[in-house]
Structure formats: C-alpha cells, structure tokens
Amino acid sequence: MGYTLQYGQVYHYIPYLLGGAWISLQIAFLCFCGGIAIGMLNAVALAFGNRLAAGVARAYVTFFTNTPGLVQIYFIYYALPDLHIVLDSVHAVVLGITLNAGGYLALILRSGFLSVPVNEIDAGVTLGMTRLMLLRYVIVPHMIGVLYPAIGNKFILMVLGTAVAGVFGVEDLMGRTINANAESFRSIELLSITAAIYVAMTICATIALSGVGMALLRRRVRFAG
Amino acid sequence: MAFLQIADLSATYGRSPVLSGVSLAVEKGEVLSLIGPSGSGKSTLLRVLIGLLPPQAGSVTLAGQRVDYAVPAALRALRGRCAIVFQQYNLFQNMTVLNNVMVAPLKIKRRPRPEVEEEARALLGKVGLSAKLHAHPSELSGGQQQRVAIARALAVKPELLLLDEVTSALDPELVQEVLDIIRLLAQEHMTMIAVSHEMGFVREIATKVALMSEGTVVEIGTPAEIFDAPRSERARAFISKIIRAH
C-alpha cells in the first residue's frame, strides 16, 4: 500500500479537535432543545388538535422526515438568500437541524401522548384524584418513562448528526477535521482520531443519559449507543 | 333501607345498552357475589357504582344518601367511602408498592405522612408483602400485584369494597393467595360486591349471590338457593353449565 501512518504529525491537532467536539455538543444541545419545543407543538396538534392544526403538523412532519437533512440545510443556507433571508453558516445549520429534529421528535412525543395508561387513570379516578393529580402522579411520570429512552436515543443521533455542520464551514468537530486535513493531508490519522472522539462523545452521552434515567425512573434504561 | 340500594339502574356504552333496570340491595357486612356469563354486565355494574361509567337512569343510595353521579363533589364523597380492585390490578407503575398504598390517603385525603405510612405498612403486612415495600409493581408476580391493589383499596378505609374479577388474570397457583385475603376481609365483615368466576369461593364467602344476564339481574338469593335450587330457566342453564365445566 505504501502508506505509513504518522500520528506524530497530527497529535497537535487534538486540542483543536476537542474544541470542535465541544462546539458539536453545544450545537446538538441547542438543536435538541429547539427540536423538543417544535416537536411538542406538533405532537399536541397531532394528538389533540383540530383538523387544521393536525393537518399543518402532519404536513410539517411529513416534509421534514421525508427529505434529507442535508437538503434542508442547503435550502436554508443557499436558497433563502435568494429571498433576501441571509443566515451565517452556524445559524443556518442550527436552524436546519432544529427543524429536522422537530419533525422526528413530534412523532416520538405523540407516541407518548397515545400511550396514556388507561388502567392507571381508572385507578386514580376511583381513588378520588383530580385531573391535576392524575397529570402529576400518573400521566406525566408514565410519559417520561415511555419517552425517555426514545428521546435519549434521538439526542445521541443528533450529536452524530451535527457532523453535517462541517460541510458548511462551521468549526465543529467535523469542520475542524476538514480544516486540519486541508493543512496536513493526513486523512487516515485525522479521521480515525475524529471517529474516536465521536465514539467517546456518544459513550459519555449514553452514560450520562443512563445515569439521569436511573435517577429519574429508578430503573435501568438502555440506549442504542 | 339497605346500606347500598340500587334501584332500576341502567347504563349504555355508546348506544348499546349494557345495564337495564338493575335493582339490588346490600346490607352492611354482606358479601354480594355477581355471577353470570361474560358480557352480562357484572363488571359494568361495578364501573357504574364507582362512577367510571355514568348511569342513564335509576338510582344508587349509599348509607341513606342518594349518589348524584353528575356532581363531582358527590363523586368524590362516594370514592371516599367506596373502593374498587380491578382485574388487571391497575397499579401505578411509576410508584413503589408502599407509595401505591400511600398515595390516596396522603395526597387525596391529605392525612399526615407518619400516620399514613404506619397504616400502609400494616396493610401491606396484612396482605403478606412487608418484604416488598420498596419494590415496583413490575418486579412482583400477578398475585403479589393484586394483593398490593387490595391494600391500596383498603388504605382509603372504604365502607364498601368492589372486587372486579380479581383472580381472573392470575395463574392458577396464585389465585389462592388472593382469595385468602378476601376470605380474611369477609371474616372481618367488610361489605363487598365481588364479581367472580371462582364458584367454589363464591359459595364459601358470599352471603348473597346475584345472577346476571344480558344486563339484568335474573335471580338473587343465598348461595344455596342459587346453586342448588335455581328458580328460573336461565339460572338453571347457567348453573348446570358451570357445574359441567368444573
């Protein structure tokens, strides 16, 4: 093959890449929060809304879950300026990932609304619980239990999905890898280090989510990561 | 007037009638057992009594007071005196065994925690689950879950306990542990209405048996009267069928 691995030439990029990883995590977290807000609105509309609200939500979900996220960000970054809406790369990427996540999280959250524990509600009602008590002691804890693993998995996927930001020149982990590669041309070494950092990030996120899950739900929660 | 007086009670699911003109009386300390084929309205009667399904017509009078199912305050008062145990246990999965039993007296009746906890521990001791106080329902067998459900119902100190096929969802070897608890409650003169398919048990603990069919009470009497000398043709047919099945 004639290729000699020379990690020595790229070690000095590691702090730079780790800085990028921190930016990736921030983007993921920001987009996740925005996605939850949009997803919640859509899920409420899908589960309880009138025909108009449900129709709008369904159209949103259909569009954003059936087109590639990359196309959506391209549209925001390259097509919107033609309509005089100009966003810098970071804002375009954050907006794109958020809108996309909003579609997927709507479906996840709606499944939580639809899994209302009818038996437990009957029990609560017959014990004399008011609607507020049912929400607080029965419905919301149940929904958290049902949704937590799915939402946690989505967060992990979003951490990995932020790599798309690099394509638009954002200095996330992938973006900094592209920069470092342009400087050093040590693609195998740099990309293997980047891959290792992504693995470490998802493992850390999985451990953190499992820990929170144990504290929140008092049972072991398994994530795909 | 009897402790519980049900007069001409009717109810529908959607448009189809599920109870029509049910009249029954239960005295304090009595155990009324509802028997009859599936779909005859036994469980529905319990759901109407506890206010999960609104009655279309008729009246229910508990301890001399007519229950107005359309008034939330009246429903709350009813649920303070009356409790139900469901076939599928219906335990709160996010709570421990102890919290399942404590939630109603603590959060709904707002009684002081030390007192409630002491009572809940005693109740769970009574149903043989002192070792499972901090377990979650999913960690228990069906029989254990049903015993927690009974303890939870007893925690509100009901004057009337409704039991909706409480052993039907259990494996055969777990039925007895639940029946033992109900037998104990009968000995303590708890007023109960029990829907059951355990005919031997019905015969043993019921003071009165009502046979239901197609949403009405076909025949009512002591266990001996119903099982040994059924008067109506429908009762004779049902009893002979269950005797053949056993």
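Predicted model: local features only at pLDDT ≥ 70, side-chain atom pairs only at ≥ 80, totals over all residues.

A: Residues are numbered from 1 along each chain as its sequence is written, and chains are lettered from A and ligands numbered from 1 in the order in which they are written.

Q: How many residues of strand 8 of chain B are buried?

A: A residue is buried if 20 or more other C-beta atoms, placed from the backbone, lie within 10 Å of its own, exposed if 12 or fewer, and partly exposed in between; strands are DSSP runs of E with at least two residues, and helices runs of H or I with at least four, numbered from the N terminus. In strand 8 (residues 191–195) of chain B, five of the five residues are buried, with Thr191(B), Ile193(B) and Val195(B) pointing one way and Met192(B) and Ala194(B) the other.

Q: Which strands are joined to strand 8 of chain B by bridges?

A: Two strands pair if DSSP finds at least two bridges between them. Strand 3 (residues 31–35) of chain B runs parallel to strand 8 and is joined to it by four bridges, with Val31(B) partnering Met192(B). Strand 7 (residues 160–164) of chain B, also parallel to strand 8, is joined to it by five bridges, where Leu163(B) partners Ala194(B) and Asp164(B) partners Val195(B).

Q: In what order do the six strands of the open sheet lie?

A: The order in chain B is 6-7-8-3-9-10, with mixed pairing, and the edge strands, each pairing on one side only, are strand 6 (82–85) and strand 10 (216–221) of chain B.
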